[in-house]
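User: I'd like to go through this one with you. Can we start with charges, then move on to the fold and the salt bridges?
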Amino acid sequence: MNRIPHYIDGKRIDAASATAPVFDPATGLQQAEVVLAGPADVAEAVRAARAALPEWRATSLSRRADIFFRLRHLLTERRDDLARLITAEHGKVLDDAAGEIARGLETVEFAAGLIHLLKGEFAEQISRGVDVHQVKQPVGVVGCVTPFNFPAMVPLWMVSSAIACGNTVVLKPSEKDPSAAVLLAEIFSEAGLPAGVLNVVHGEKETVEAIIDHDDVAAISFVGSTPIAESVYRRAADHGKRVQALGGAKNHMVVMPDADLDAAADAAVSAAYGSAGERCMAVSVLVAVGDIADQLVGKVAQRISSLRIGAGTDPDSEMGPLITAQARDRVAGYVAGAAGEGATVVVDGRETPFDSDGYFIGVSLIDHVRPGMKVYDDEIFGPVLSVVRVDSYADAVRLVNANQYGNGVAIFTRDGKSAREFEFDIEVGMVGVNVPIPVPVGSFSFGGWKKSLFGDSHMYGPESIHFYTRSKVVTTRWPDASESQINLGFPSNR
Ligand code: NAD
């Protein structure tokens with residue numbers, strides 16, 4: 001059985017006795033086992049990261065930038081290998097895997113501009129003969145914990161900025177599809193990153209807690225489901241650590257009566273069912289405003305009938321399987337319960353036949369959904385699109401703002417005024433105007449509001465530079481000896 005090792009201090013480490021199975025979601029067969037890190041392995045990874053820190057933070061910015069330029073080149077060259085690895089363990093189609101690498105590359109490109117990003121500020125003559133400047137220094141060893149649904153992109157979101165800022169990292173990827181993180185770490189090494197700057201350990205709850213609790217870990221970046229994001233946030237905060245914990249989502253797409261309904265239906269189908277709905281920015285609620293609902297539901301249903309579902313390695317597939325049998329059964333359970341809650345199941349994904357033991361389920365479309373139904377209230381994280389019918393724009397805004405999540409949202413309209421009002425009114429971190437999955441480009445930052453993010457910094461982009469650095473302000477004076485005097489008053493700059 002292929003074993004997936006840790007990557008510590010520039011080496012693959014495979015000494016653990018505890019392992020977890022890694023499945024091929026397209027066949028349901030175990031394809032590998034991943035070694036799990038206990039507290040001793042975590043301590044070893046943190047030790048390596050701590051030991052590498054002084055030299056790495058002293059490394060010149062131009063040398064660091066060189067590594068990111070080489071990394072960009074190598075990731076582009078190895079994109080297909082990385083995509084195949086993602087598809088093998090996650091199940092998403094190859095195109096989609098390549099897309100996640102492309103989005104991850106944006107954050108590498110952003111990090112390559114570190115010489116500009118790490119510039120501080122300077123104020124001359126703040127008092128007579130006194131200058132003040134502010135520098136950004138690394139926080140130290142950063143623990144990064146990532147979810148299964150983007151096994152390369154989310155690690156790149158965190159690791160690129162953390163390392164660019166002069167920190168060293170212990171990354172704990174999802175145990176369900178851990179290989180991409182190990183390959184990424186090896187590609188970073190190939191690009192010239194010194195041993196110990198980026199370490200990867202595998203594991204589950206116990207491993208994450210050992211990282212959070214370790215005295216030498218200064219900050220935690222987490223992405224995953226809301227209950228775990230919240231518990232990670234609390235635990236890290238209890239230890240006095242800097243923490244950002246991004247959680248789950250329930251993303252609404254509001255379709256105004258004036259929207260182009262064909263374009264809206266295309267966008268809804270793409271954003272709801274791409275990657276089998278296992279994206280934190282997937283559209284899971286379609287909000288039909290006014291009297292367009294029947295037409296819109298008809299157009300979405302019509303498009304669903306031609307979707308091709310199959311193994312991610314098959315170039316004809318547009319959607320692959322879910323990550324595990326449990327995930328597939330959980331999704332099926334929501335669809336099964338919807339009619340009993342008063343909703344109308346227009347397309348039932350459980351009825352799609354599959355000639356495979358993989359974790360496949362067809363796509364579902366559920367109409368007449370309302371808050372209070374489980375299918376609306378919970379994050380399903382699968383290929384299920386709910387339709388909520390509302391009378392007016394104001395009702396649509398009330399619905400979205402009352403939702404516990406606030407990751408992404410979109411409005412489809414041809415009216416600039418409604419779009420502008422929506423942007424102003426809506427309580428969600430990332431907003432699309434005629435864009436269904438408004439993931440910000442790498443030079444902006446990514447983050448939700450409400451239960452989609454615990455902490456105050458968004459990920460990658462400018463907010464990541466803020467998160468991964470500590471500000472130090474230096475006040476400087478070079479007086480002549482003759483100016484020296486004793487003065488017990490509080491220094492005034494006047
Ligand atoms: P998850 O919460 O189950 O796991 C996330 C990470 O936490 C994994 O590395 C996992 O091993 C670890 N973990 C699991 N249980 C833990 C525990 N009890 N204590 C500490 N760590 C634990 O999430 P997932 O199923 O891997 O990913 C899907 C979820 O992630 C969805 O809810 C999705 O919306 C969310 N997500 C959010 C974003 C975002 O940017 N907001 C991005 C991607 C995914």
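Analyst: First, the counting rule: Lys and Arg count as positive and Asp and Glu as negative, while His and the chain ends are not counted. Also, this is a predicted model.

User: OK. How many positive and negative side chains does the chain have?
Analyst: There are 46 positive and 63 negative ones. The centres of the two sets lie 5 Å apart.

User: Switching to the fold. How many helices and strands?
Analyst: The chain has 16 helices and 23 strands. Its radius of gyration is 25 Å, close to the 23 Å from the globule rule for 494 residues, so the chain is as compact as a globular protein of that length.

User: What share of the residues is buried?
Analyst: 55% of the 494 residues count as buried.

User: Now salt bridges. How many does the structure hold?
Analyst: It holds 29. One of them joins Glu-100 and Lys-92, with the closest N and O atoms 2.6 Å apart.

User: Are Glu-100 and Lys-92 buried or exposed?
Analyst: Both are buried.

User: What does Arg-235 pair with?
Analyst: Arg-235 forms a salt bridge with Asp-213, at 2.7 Å from N to O. Arg-235 sits in helix α9 and Asp-213 in helix α8, so the pair ties together parts 22 residues apart in sequence.

User: And how accessible is Arg-235?
Analyst: Its relative accessibility is 29%, so Arg-235 counts as partly exposed. Asp-213 is at 27% and also counts as partly exposed.

User: Which residues are linked in a network of salt bridges?
Analyst: Arg-78, Asp-81, Arg-84 and Glu-190 are linked that way.

Note on methods:
Residues numbered from 1 in each chain as written. Predicted model: local features only at pLDDT ≥ 70, side-chain atom pairs only at ≥ 80, totals over all residues. Heavy atoms only, no water. Helix = DSSP H or I, 4+ residues; strand = E, 2+ residues; numbered from the N terminus. Rg over C-alpha atoms; globule rule 2.2 N^0.38 Å. Buried < 20%, exposed > 50% of the residue type's maximum accessible area, 1.4 Å probe, protein only. Charge placed at Lys NZ, Arg CZ, Asp CG, Glu CD. Salt bridge = Lys/Arg side-chain N within 4 Å of Asp/Glu carboxyl O.
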